[in-house]
Amino acid sequence: MTDVQPAPTATARTGASIGSQLVPLRRNSGWLMAAGIALILLGLFGLVAVHLFSLVSALTFGTMMLAGGAVLLVDAFRHPGWQSRLTMIGIGVVYVITGILVFINPLQAVIALTMVCAAMLIATGLLRIIAAFQVRPMVAWGWILASGLLSLLLGIVIAVQLPQAAAWVLGTFLAVELIFQGWSYVFLARAIRSTFDGVHPKPVA
């Protein structure tokens, strides 16, 4: 009588366990923690130097517009028979011109971006307020309403204080974003370390 061999498992077929696949993630958790701390420190510095960060935000936007326009133009000329070629060339030219204008006069770009930010906050706040009353029977409608009122109020405050508000709005938003991003990296690194020792998941106490 022949012995029945068990069917190979998914781990045996692939030749690697889930634990071994997670080893690089555990080893890189230190770099993830360091990156998170660096982002937090950079964000805290940004809260002190909001003027500098506002200027950096505008220049970053200009760089993105230049890069996006260049990509669109290159892609448009790579497809000569494309029906939307002229449209893509037009969009690419607008992107490039916008990026150039940002670098020519970054201070005006900061004011313009701050105006856009204020308008977006006001529009978002109004839409959230409308949505809150539309879902009013729900338990969480009050939180949606509070969020909408906060966005609306912040947008109005920024719009009223223009152009003076341009000196701190973009820099503050960028600094806060860096801090939150840094904290997310730190918590992710701690979660990896607390649940996985590099070979096997740690037992729950």
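**Entry 1: α4 and α6.** I looked up how α4 packs with helix α6 (residues 106-134), and found an angle of about 90 degrees with the axes 9 Å apart; axes here are lines fitted to C-alpha atoms, for helices over the stretch in contact, and angles run from 0 to 180 degrees between N-to-C directions. I therefore noted α4 as roughly perpendicular to α6, a term used for 65 to 115 degrees. The contact (heavy atoms within 4.5 Å) involves Ser-54, Leu-55, Ala-58, Leu-59 and Phe-61 of α4, which meet Pro-106, Ala-109, Val-110 and Leu-113 of α6. I sorted these residues into 8 nonpolar, 1 polar and no charged.

**Source note.** I am reading a predicted model, in which local features need pLDDT of at least 70 and side-chain atom pairs count only at pLDDT 80 or more, while totals for chains, interfaces and linings use all residues. Residues are numbered from 1 along each chain as its sequence is written, and side-chain values use heavy atoms, with hydrogens and water left out.

**Entry 2: α3 and α4.** I then turned to helix α3 (residues 29-48), which packs with helix α4 (residues 50-78) at an angle of about 110 degrees, their axes being 5 Å apart. On the α3 side I listed Leu-42, Phe-45, Gly-46, Leu-47 and Val-48, and on the α4 side Val-50, Leu-52 and Phe-53. These residues of the contact of α3 with α4 comprise 7 nonpolar, 1 polar and no charged, where Gly counts as polar.

Key: Helix = DSSP H or I, 4+ residues; strand = E, 2+ residues; numbered from the N terminus. Parallel < 35°, antiparallel > 145°, perpendicular 65-115°, else oblique.
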